[in-house]
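Subject: Structure handover

Hello,

Here is the structure I promised to pass on to you. Please open it alongside this note, and have a look before you read on.

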Amino acid sequence: YCHAPNDAKLKFLGLLLNGTKHHVICYKRTFKAAKMTKSTPKVKVNANTKVLLKMAQPSFLLFCIFLSFFSILSSYQTKATTITRLVSKSLYDSMFIHKDNTACPANGFYTYESFVKATGRFPRFGSVGSMETRRREVAAFLAQISHETTGGWPTAPDGPYAWGLCFKEEISPQSNYCDSSNTEWPCFSNKTYHGRGPIQLSNYNYGPAGRALGFDGLRNPEIVANNSVIAFQTALWFWMTEQSPKPSCHDVMIGRYRPTEADLAANRTGGFGLTTNIINGGLECGIAGDGRVNDRIGFYQRYAGLLNVGTGPNLDCENQRPFA
């Protein structure tokens, strides 16, 4: 612990660390409170020792402050380097060749720096299991958000799977996506909850995503299309969060998914296809040869190849029943 000889140093420490989530507690020790026993060794303290102790107090306080900031810095560096070791900027740019094409409405929005910063909020993303498992999860996540934001077409330059992250907002939404019966996450007037961001966050997800990430998703849903870090964070939040009866996509891709009896009866087996079921199974799963499912698989196969990892089994969901 820190030894603070007076209240001024406590206040000084508080000012330095104000606004962070890390706290250093400094205790004042009064030797009068210590109970002496027969076994307690007696230490003789002369005048010179008292002077040295007094001089050491400020140095020790500064040492505590240094350790605190070093801990904070190390924490953020660890979170950031986890994803950068798997996806470098050059690899990111080669995955999303046309994300900044002027034909894409989201050009300039989905930067590598925003992606890396957003992953710092979710330290378990791409960091659990073997290196193969980590690469496969990252490939799956990037594939799913690529399909949700694709600007590709069958004869597009560099192929249809080179146009991920082209859109940041649903084009011509059919409604305001307001569920007036949802009293837990009520809609606000003049607000629409259509798809925004890499995962196309929509409907009731704005409320819980905002609460988890620290923004008001019901009053200010537009922020998901205006702030690229928050946009990526909403996609990662959806990916990492279990929403019963659905497991999280993260747990599926790292092998932690344990199917229930209902899952087994619905043939919901682990693999990339199950993440598609979690994201949009009600519209895409249980259908043979669905083009949307095949588009997701195409992105996944491309990214898995770039990350030098196999895709694993069960890529589609045509034999799976959607979650209720």
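Below is what turned up, from the overall fold down to single residues.

First, the ground rules. This is a predicted model, in which local features need pLDDT of at least 70 and side-chain atom pairs count only at pLDDT 80 or more, while totals for chains, interfaces and linings use all residues. Residues are numbered from 1 along each chain as its sequence is written, and side-chain values use heavy atoms, with hydrogens and water left out.

**Overall fold**

The protein chain has 12 helices and two strands; these are DSSP runs numbered from the N terminus, with helices being H or I of at least four residues and strands E of at least two. In sequence order the pattern is β-α-β-α-α-α-α-α-α-α-α-α-α-α. Of the 324 residues, 43% count as buried. Here buried means under 20% relative accessible area, exposed means over 50%, and partly exposed lies in between (1.4 Å probe, protein chains only). Helix H4 (residues 112–119) is mostly covered, with six of its eight residues buried: Tyr112, Ser114, Phe115, Val116, Ala118 and Thr119.

**Aromatic rings**

The whole structure holds 14 aromatic pairs. Rings of Phe, Tyr and Trp (its six-membered ring) pair if their centres lie within 6.5 Å; planes under 30 degrees apart count as stacked, over 60 as edge-to-face and the rest as tilted. The pair of phenylalanine 299 and tyrosine 303 is tilted, because the ring centres are 6.0 Å apart and the planes stand at 40 degrees. Both residues lie in helix H12, four residues apart, about one turn of the helix. An α-helix has 3.6 residues a turn, so residues three or four places apart point the same way. Phenylalanine 299 and tyrosine 303 are both buried. They also belong to one aromatic cluster, together with Tyr92, Phe96, Phe109, Tyr110, Tyr112, Phe115, Tyr161 and Phe232.

Two rings have a charge over them, where NZ of Lys or CZ of Arg is within 6 Å of the ring centre and within 35 degrees of the ring normal. Lysine 168 lies over the face of phenylalanine 109, 4.7 Å from the ring centre, and the charged end of arginine 268 sits over phenylalanine 323, 4.2 Å from the centre of that ring.

**Pocket and cavity**

Both come from a 1 Å grid over the protein atoms alone: a cavity is a set of points where a 1.4 Å probe fits but cannot get out, a pocket is an open set with protein on both sides within 12 Å along at least five of seven lines, and lining residues have an atom within 4 Å of a point. Grid points are joined across faces, edges and corners, and a volume is the space filled by probe spheres set on the points.

The largest pocket has a volume of about 740 Å³. Among its 29 lining residues, Ser202, Asn203, Asn205, Ile279 and Asn280 are the closest to the centre. Helix H5 (131–148), H11 and H12 each give two or more residues to this lining, and H11 gives the largest share, seven residues.

One cavity of 30 Å³ or more was found, and the largest cavity has a volume of about 70 Å³. Its lining includes Tyr177, Trp185, Asn203 and Leu218.

**Single residues to look at**

Aspartate 290 is in the loop between helix H11 (272–284) and helix H12 (291–306), and counts as buried because its relative accessibility is 9%. Its side chain makes a polar contact of 2.8 Å with the side chain of arginine 292 (a pair of N or O atoms within 3.5 Å; within protein, one must be able to donate a hydrogen and the other to accept it, and residues adjacent in sequence count only if both atoms are side-chain atoms). Arginine 292 is in helix H12 and is partly exposed, at 34%.

As for the backbone, a cis peptide bond joins serine 244 and proline 245, with omega about 10 degrees. Serine 172 has a positive phi of about 50 degrees although it is not a glycine, and is exposed, with a relative accessible area of 56%.

Best wishes
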